[in-house]
Amino acid sequence: MPPTVGPGYPPSSMPPGSSLLDKVWDAHSVRELPSGQTQLFIGLHLIHEVTSPQAFAMLQELGLPVRFPSRTFATVDHIIPTDSQQRPLADPLAEQMLIALEGNTREAGITLFDPASRRQGIVHVIGPELGLTQPGMTIACGDSHTSTHGAFGAVAFGIGTSQVRDVLATQCLALARPKVRRIEVTGKLGAGVYAKDVILSIIRQLGVKGGVGYAYEYAGPVIEAMSMEERLTVCNMSIEGGARCGYVNPDDTTFEYLRGREYSPEADAWQRALAYWRAVASDPDADYADRVELDGDRLAPSVTWGIHPGQSVAVDEHLPRLADHPHAEQPQLAEALAYMGLRPGEPIAGTKIDVAFIGSCTNGRISDLREAARVARTGRVAPGVRALVVPGSQAVARQAEQEGLDELFRSAGFDWREAGCSMCLAMNPDKLVGREVCASSSNRNFKGRQGSPTGRTLLMSPAMVAAAALRGRVADVREVL
Amino acid sequence: MAREPITRVEGRACVVRGHDIDTDRIIPARYLRCISFEGLHEHAFRDDREQAKGDHPLDDERFAAAEILVVGHNFGSGSSREHAPQALMRRGFRAFIGGSFAEIFVGNCVALGLPCVSLADEHLEALMEAVELDPEQSVVIDLPTRTVTSRVGTVPLSIHDGHHRQLSDGTWDATSVLLEAGEAIERTAARLPYVDGFRG
């Protein structure tokens, strides 16, 4: 029997055999709306400079205050330059956005983690590292990669700007409850195979729209053995599989990570928190709308070859041949291969690269940098390759510098930068040029994603990016380690 | 702040073919460096259009008056940027007909009063061909009967029931509906142990 931890939790109506999604959803339900949707209370709202200014303007137009300013936290990540965070920012448009964020948060009494706070970073990196992200919460942010926070057993999803306005005004959203698909990853990952390869393989198998209408519950021995940072990588890319949110049930790994963080509960509160966190995990007999299994023993380092994250192969595989695919799929494959300048049936290994990018909310955490550094220390960046390492937050940067990783990367020929989203989406000066090919630890290989309308992206793990940087070509990291 | 019910969208259509068209393609990230949505219409499909050198449906004179955008599967995937539907709305589009849509994109569209409706593949292909051949025809999305009518006939559409209701009731702009819950919001917060930091 889980202990009762508050007047309203667990909800008395909660039937046995419930999933975490159902428990968290019911606990946060304010009421059923006439539309059949739920009015869902949002426990943690994160905002950044790109999708919030218009929301504050709408609020002002309506004459409404921010309802729960203490439940919203802000940072600046998308537009921040990574060569210098000095004010004013070099790009006047970026400076204007930061000024707007400063003004809006000051007026509303919202905490802003700006560069001077020493807590600035990508919103999905700082939420977890500050202890803001906790199990059993509902979390929303005007950013599709909010699914990241599900790694803690939170129900976390991205929203648009009108919905940011809704949360600011009411701390609520009108949403339909998603179905839950349990994805079990069995076995054990081999050396050189990472969380990134797990999620790329899941998306390859289930497709980029396979998750629409679902929350993904990641489970099984491979997920249970993962560190929190690895789970963050997996949950981060749920949205690339079409699932607005993805989560892992909280366990001792989760609790150990949270202990002693800036916003984590302490002493008696910690004990009460543990009881709540344990109680929200899916029941062993929980009912799922769908179940999928993936054999972790068979996974290999993955590389995308196309223009969406479902188009990937193992590094020792060949690119698809059109004739091997149904007629209806061929035009799309042909379009992707043509854009990428790749030939059907060729091996992906050996594909020449121009740029290597290590960073992003997917893979910009300290363990990612350590793994990339293990590879980087074995050589030097190949001639003609531009390689940059962008820590996900100022805290990650400090930790890496303390471990000497900055020096290690620099002496191997990488650029060591300051924290931000950087070349994942290239809203700051870090961009591809022309048709450059980038080996990238980020999450999206869409046409033009990395700042050049004709730029090309190959998604892979940070260690694989480092290997590609040294060879100047896509290489199997298992041969380097 | 009640809004007008949206039950019917009638107008010319424009076809943008292809599946998995993500919001980075609908509006590239470098055009999000702004603090208002004004002027975003200029950047809709900006990179695709520049590379097509005038040969993009949005630059085709025949579709210049279009108010309904007809698209393939998984339209609007990727980034949550509301800038994407904002840019298309500000170009004059009032609804989307497609094979399927990404979830966050649809949520953003509903919040702007823009219906996203899906057709079965064969009906979608027929509609695309018909509109490409005869862009001047009127296409009608009728929510009460859940149908799309064009010169190729009347076919059933599908739409999420909750969104259908929000659009039909004029409750698609959610803020006022959510505010109606009043103190129930604070009561919900009070029963969540973490809201006060597990003070007990």
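**Close-up views of chains A and B**

**View 1. The contact between chain B and chain A**. Chain B puts 59 residues into this contact and chain A puts in 72. Two residues are in contact if their C-beta atoms, placed from the backbone, lie within 7 Å. The model is predicted: local features need pLDDT of at least 70, side-chain atom pairs count only at pLDDT 80 or more, and totals for chains, interfaces and linings use all residues. Residues are numbered from 1 along each chain as its sequence is written, while chains are lettered from A and ligands numbered from 1 in the order in which they are written.

**View 2. The side of chain B that touches chain A**. Six elements of chain B give two or more residues to this side: α1 (23-26), α2 (46-52), α4, α6 (161-169), α7 (174-179) and α8 (184-191). Helices (H or I, at least four residues) and strands (E, at least two) are DSSP runs, numbered from the N terminus. By type, the residues of this side are 23 nonpolar, 20 polar and 16 charged. Ala, Val, Leu, Ile, Met, Phe, Trp, Tyr, Cys and Pro count as nonpolar; Asp, Glu, Lys and Arg count as charged; the others, Gly among them, count as polar.

**View 3. Helix α4 of chain B**. This helix spans residues 103-111. Nine of its nine residues are buried, so the helix is largely enclosed by the rest of the structure. A residue is buried if 20 or more other C-beta atoms lie within 10 Å of its own, exposed if 12 or fewer, and partly exposed in between, with C-beta atoms placed from the backbone. The buried residues include B:Glu103, B:Phe105, B:Asn108 and B:Cys109. After α4(B) comes B:Gly113, with a positive phi near 75 degrees.

**View 4. Chain B as a whole**. Chain B holds eight helices and eight strands. Of its 200 residues, 52% are buried. Its C-alpha atoms fill a box of roughly 65 × 40 × 30 Å along the principal axes. Among chain B contacts between residues at least 6 apart in sequence, 70% join residues at least 24 apart.

**View 5. The two domains of chain A**. Domain 1 covers 20-292 and domain 2 covers 302-476; such bounds come from an automatic or database domain assignment. The C-alpha centres of the two domains of chain A lie 24 Å apart. Their contact takes 37 residues from domain 1 and 34 residues from domain 2. On the domain 1 side, α4 (123-130), α6 (195-206) and α8 (228-236) of chain A each supply at least two residues. α6(A) gives the most, with six residues.
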